[in-house]
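Subject: Model for your files

Hello,

Here is the model I said I would send.

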Amino acid sequence: MNQKKNNLLSFLRENIRRADVLLLVLFIVIGLAMTLLTAGFSSSGQKVVISVGGKEYGTYRLSVDRTITIRQKGHVNKVRIRDGRVSMVYSDCRNQICVHHHAIDKTSQQIVCLPNQVMLRIEGKDSDDTIDAVSGN
Amino acid sequence: MTPSMRSPETDLHHRTDTKEAGRHTARHGHQGAAGRRLRTRQITVAAVFAVLALLMSYLEFLIPISIGVPGVKLGLANLIILIALYEMGLRWAALINLVRILLAGLLFTGVFAMLYSLAGAFISLLLMWTLMKSGRFSMIGVSMAGGVAHNFAQLLVAALIVETAQMFLYFPVLLFSGIAAGIAMGIIALIIDRRLAKTVFRSRPLS
């Protein structure tokens, strides 16, 4: 086992080139920068905006628990708001990635169902659009 | 969207065939039979590689590693494509990849996923080819760049389809998963490539 591991290590040491490492470092730096950038904008959200095919479908407050059923072009998606968090509980799409996505509640988070083109994203209270229409406080 | 995405690929396919044929008649023109034997060997090996790549896609379809972000996957098929790229060249690798994507699209992933695959595959193949030609990178680095490029291209297509730049929130996850999967596949491909008898690709060993 140990012998085998050493073999792999020496194999890697013999083959990895300087350019490989430089590229890896570059990628990691870009990745970290992007992570910090998106994390910087992240805060607890107030409402969820649902859009279908790039057009806004509706905006719902996170403070009210409810289930929204989206029907369009023969596709069905169900979105649930519970305890201030949003998740996709049902989708008739093929890959079910959106259904497996964990619940979201931060402004930098989103759930996308690509096959059905349904997108959920969280918005904060200082958003520019019609706060009065959705908030009662 | 589908026809416009596909037409350049069909073009490429066509060009590949005629150019390759021309090159080989030029190189082996004086030997006739030997040239044809090499050509037959290449076609056969390419077919085997296409089947292997398709199998890899199938494996990945059977055992999806989903972490809730679209586009995160191992890229097992890239193993085969990487070896094809190094041993047979860009045109054969592109052709093998195209056959794999079309077959996988029709058989299991669906036409929708095919769009993403095509975008990812060809951008990553071009980048891998460029890095390979530069001669500064090992197969591992080339594979890593390919993984990242693949994910980036898929993200671009996704942003176009959903018509929102919000998709780029996924970028860091896809970048890191591309790095990890790319390195892993690169190491395996390098090990396999070292052990493959080079006579598989050429009728006679070069040395």
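The notes below cover confidence, the contact between the chains, and then each chain in turn.

Residues are numbered from 1 along each chain as its sequence is written, and chains are lettered from A and ligands numbered from 1 in the order in which they are written. This is a predicted model, in which local features need pLDDT of at least 70, side-chain atom pairs count only at pLDDT 80 or more, and totals for chains, interfaces and linings use all residues.

Confidence

The model scores ipTM 0.75 and pTM 0.70. Helices (H or I, at least four residues) and strands (E, at least two) are DSSP runs, numbered from the N terminus. Within chain B, confidence is highest in helix 3 (residues 77–88), with a mean of 94, and lowest in helix 1 (residues 2–28), with a mean of 44. Residues 1–26 of chain B stay under 50 in pLDDT. Two residues are in contact if their C-beta atoms, placed from the backbone, lie within 7 Å; for residues 1–26 of chain B the model has 19 contacts beyond four places in sequence. Where pLDDT is low, the predicted coordinates should not be read in detail.

Contact between the chains

Chain A and chain B each put 27 residues into the contact. On the side of chain B that touches chain A, the elements giving two or more residues are helix 6 (139–162) and helix 7 (171–195) of chain B. Helix 6 of chain B supplies the largest share of that side, eight residues. By type, the residues on that side of chain B are 18 nonpolar, seven polar and two charged. Here Ala, Val, Leu, Ile, Met, Phe, Trp, Tyr, Cys and Pro count as nonpolar, Asp, Glu, Lys and Arg as charged, and the others, Gly among them, as polar.

Chain B

A residue is buried if 20 or more other C-beta atoms lie within 10 Å of its own, exposed if 12 or fewer, and partly exposed in between, with C-beta atoms placed from the backbone. A nonpolar core is a set of buried Ala, Val, Leu, Ile, Met, Phe, Trp, Tyr and Cys residues joined through C-beta atoms within 7 Å. The largest such core has 85 residues, and B:I81 and B:A84 have the most contacts inside it. Helix 6 of chain B gives the most to this core, 13 residues. Leaving out residues up to four places away in sequence, B:A84 touches B:F49, B:W92, B:A93 and B:I96.

Helix 4 (residues 90–109) of chain B has 20 residues, but its end C-alpha atoms are only 25 Å apart, short of the 28 Å that a straight helix would reach at 1.5 Å a residue. The expected span is 1.5 Å times one less than the number of residues. Buried residues of helix 4 of chain B include B:W92, B:A93 and B:I96. After helix 4 of chain B comes B:G110, with a positive phi near 95°. Helix 7 of chain B, with 25 residues, reaches 36 Å from its first C-alpha to its last, close to the 36 Å expected. Among the buried residues of helix 7 of chain B are B:G178, B:G182 and B:G186.

B:L55 lies in helix 2 (residues 33–62) of chain B. B:L55 is partly exposed because 15 other C-beta atoms lie within 10 Å.

Chain A

Chain A has four helices and seven strands, in the order α-α-β-β-β-β-β-α-β-β-α. Of its 137 residues, 27% count as buried.

Strand 1 (residues 47–52) of chain A is mostly covered, with five of its six residues buried. Two strands pair if DSSP finds at least two bridges between them. Strand 1 of chain A runs antiparallel to strand 2 (residues 55–61) of chain A, joined by six bridges, and A:I50 has A:G58 as its bridge partner there. This hairpin has two residues between the strands, and A:G53 takes a positive phi near 60°. Strand 1 of chain A also pairs with strand 7 (residues 118–123) of chain A, antiparallel and over six bridges, with A:V49 opposite A:R121.

A:K78, in strand 4 (residues 75–82) of chain A, is partly exposed because 16 other C-beta atoms lie within 10 Å. Beyond four places in sequence, A:K78 is in contact with A:T67, A:T69, A:V89 and A:Y90.

Regards

Note on methods. pLDDT = per-residue confidence, 0-100.
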